[in-house]
Amino acid sequence: MKKKICKKKYLKFLIIFFFYTNYLVTQEKSIKNLFVKLDELYMENSANRSVPLAIQAINKRHNDLLKDYLDDVLPLAFFAKHEEPNDENKSTIELWKELWNEISPGDAGIRINLHVIIPKLEKSLDEASWLRKTQAGNAIHTIAMRLSGTIDSARRLSLINLLPS
């Protein structure tokens, strides 16, 4: 229980530091670490609404900053919006979909960022959780449907190789 409290305090500290003050003087490494930490928090508990809310706050207050770190944010947003909806997580998935629509230029965003999306899906398919594997499968399905005629053969082959035989 103590570990969860520390994580919540850490996230709260980061949010206060980065978003509620308009004073943004940080090192590039600390910003990258923030996005890594947000990704970890999502992977531990996908129902945690604070992760998409934090990224949306960055997008609203420091849009240029987020643009510099899209390679860290887009794979998470794309993956998270493909979670299987239920009563508990429906509103959180909607937050992820809104975030994706705000920061990505639609299908072009998928195509341009496949180099960072595919490794996220590959990592998720290697997890023990069948929910994560299903989520990754849903994301692969979206890529196949949206980019069916425009995806290059190398990327198509890497997606096919992700699928279990």
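The structure is a predicted model, and its pLDDT averages 84 over the protein, with 83% of the residues scoring at least 70. Where pLDDT is low, the predicted coordinates should not be read in detail.

The largest nonpolar core comprises 40 residues, and those with the most contacts inside it are Ile-55, Trp-96, Leu-121 and Ile-143. At least two residues of this core come from each of several helices, among them H2 (28–44), H3 (50–61), H6 (90–103), H8 and H9 (130–146), while H5 makes the greatest contribution, with 8 residues. When residues up to four places away in sequence are not counted, Trp-96 is in contact with Tyr-42, Val-51, Pro-52, Ile-55, Leu-76, Ala-77, Ala-80 and Lys-81.

A second residue, Leu-125, belongs to helix H8, which spans residues 114–125. Leu-125 is classed as buried because its relative accessible area is 17%, which falls under the 20% limit used for that term. With residues up to four places away in sequence again left out, Leu-125 touches Lys-133, Ala-136, Ile-140 and Leu-162. The C-alpha atom of Leu-125 is separated by 8.1 Å from that of Gly-137, a residue 12 places apart from Leu-125 along the chain.

Technical notes: Residues are numbered from 1 along each chain as its sequence is written. This is a predicted model: local features need pLDDT of at least 70, side-chain atom pairs count only at pLDDT 80 or more; totals for chains, interfaces and linings use all residues. Side-chain values use heavy atoms; hydrogens and water are left out. Helices (H or I, at least four residues) and strands (E, at least two) are DSSP runs, numbered from the N terminus. Buried means under 20% relative accessible area, exposed over 50%, partly exposed in between (1.4 Å probe, protein chains only). Contact means heavy atoms within 4.5 Å. pLDDT is the predictor's confidence in each residue, from 0 to 100. A nonpolar core is a set of buried Ala, Val, Leu, Ile, Met, Phe, Trp, Tyr and Cys residues joined through side-chain atoms within 4.5 Å.
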